[in-house]
Amino acid sequence: MEEKFVFRLPKEIYFGLGEGKRTGELIKRLGKKVLLVTGKNFARQYGILDELLASFAVSSLEWVIFEGVEPEPSLETVDRGVSLAYRENCDLVLSLGGGSVLDCGKAIAGVCGNGESVVPFFEGKALPHPGIPWVAVPTTAGTGSEMTNNAVLTDYTRKLKKSFRSPFLVAILVIVDPLYTRFMSPYLTAVSGIDALIQAVEAYTSPRKNPMTDFLALEAVGRLWRYLPLAVQDGDNLEYRKEMALGSLVSAMAFANASSGPVHGLAHMIGPDFGIVHGEACGVLFPAVVRFNRSVLEERYLRLAQVTGNRGIEEWLEAFEDLMRRVGLRTRLREFGVREEMLISVIRPERIGASIKENPRSMSTEDLCSILKETY
Ligand SMILES: [Zn+2]
């Protein structure tokens, strides 16, 4: 077992039904003017945005809304947010939404005070110092962006999806109100829940794992496995929503301090090229990656199989595919209209990141290719 490790978390996490209403009161010590980053219309449509703005007004905060962040945010969107924050003299950024909105707001806050554009940081330049404070209010349970120190962005001209990473990108404050997750459709519940589940598994099998992340990852896997089908089936049940929000939070704590693995590495390749939603892409790839890694991670996988009530690894993988289908997701690449001969084209050297390079069993391009073929 590793003896030395570092464990980082946002400064404060507020969790509970109804905590969202307190947002204004909780953030007012961070500054006067908020750049509120949100998506196309989810938060507005379900009254979450109004509830937050009402709480800002009560706490005499000022705000400007940066709305319409797209799924898989582009570098240009981040840059537009940065200009708006400068122009309006914002003191802090608050993201209200799912993973893409969280990542976008996080990147905007990081760049503010450090430059005009996210591009050099996306290309690998280190952030010299902290940007402005970033607050996360997730409306999904699963992406874990509220815990991590990276923002996944996409350069659409090069079809390149990767992370802008810095210890300065960790949230100052996270407010998890499970009430805000109850508006997710069954599909969104399923894809974000599967993402959280696989993130916990990859944290547990990561070369950067430590005793704290192990403990959290196992807890998350058991909880998410149990409650995901229930939350998909009965989205109005607040008990299920609370369990999923908690499971997802705990999963995120684990993988933010360990690392993600090759399921994520490969999902970042097939997602943008084939138009497959991140969580579903992860779910499709998962069994083949586990089979590839089985020889070096047997004991760890067996433990994961056990916490989900399965005796062996094969039984666990079959139960996983069954879980995917029960929550309404596809399990094969061919179901997305992908042609088999297209598979090899997604594997490009500039896309092979740390999650693949650091895999405990070395992975050649041929290996990646055969994993994709196996999932076809
Ligand atoms: Zn993920």
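**Aromatic contacts and a covered strand**

Analyst: Trp 225, Phe 286, Tyr 301, Trp 316 and Phe 320 form one aromatic cluster. Keep in mind that this is a predicted model.

User: How many aromatic pairs does the structure hold?

Analyst: Nine aromatic pairs. Take Phe 286 and Trp 316: their ring centres are 5.6 Å apart and the planes stand at 90°, so this pair is edge-to-face.

User: Which parts does that pair tie together?

Analyst: Phe 286 lies in helix H11 (residues 278-307) and Trp 316 in helix H12 (residues 313-326), so the pair links parts 30 residues apart in sequence.

User: Is Phe 286 buried or exposed? And what about Trp 316?

Analyst: Phe 286 is buried, at 2% relative accessible area. Trp 316 is buried too, at 1%.

User: Switching to charges. Which ring does Lys 162 sit over?

Analyst: The ring of Phe 122, with the charged end of Lys 162 at 5.0 Å from the ring centre. Also, Arg 361 lies over the face of Phe 292, 4.0 Å from the ring centre.

User: Now strand S5. How many of its residues are buried?

Analyst: Five of five, across residues 134-138.

User: Which residues are on each side?

Analyst: Trp 134, Ala 136 and Pro 138 are on one side, Val 135 and Val 137 on the other, and all are buried. In a regular strand, side chains alternate between the two faces of the sheet.

User: What does S5 pair with?

Analyst: Strand S4 (residues 92-97) pairs with S5 in the parallel sense over five bridges. Strand S8 (residues 173-176) also pairs with S5 in the parallel sense, over two bridges.

User: Where does Ala 136 come in?

Analyst: Ser 95 stands opposite Ala 136. In S8, the bridge partner of Ala 136 is Val 174.

Note on methods:
Residues numbered from 1 in each chain as written. Predicted model: local features only at pLDDT ≥ 70, side-chain atom pairs only at ≥ 80, totals over all residues. Heavy atoms only, no water. Phe/Tyr/Trp six-rings, centres within 6.5 Å; stacked < 30°, edge-to-face > 60°. Helix = DSSP H or I, 4+ residues; strand = E, 2+ residues; numbered from the N terminus. Buried < 20%, exposed > 50% of the residue type's maximum accessible area, 1.4 Å probe, protein only. Lys NZ or Arg CZ within 6 Å of the ring centre and 35° of its normal. Pairing = 2+ DSSP bridges.
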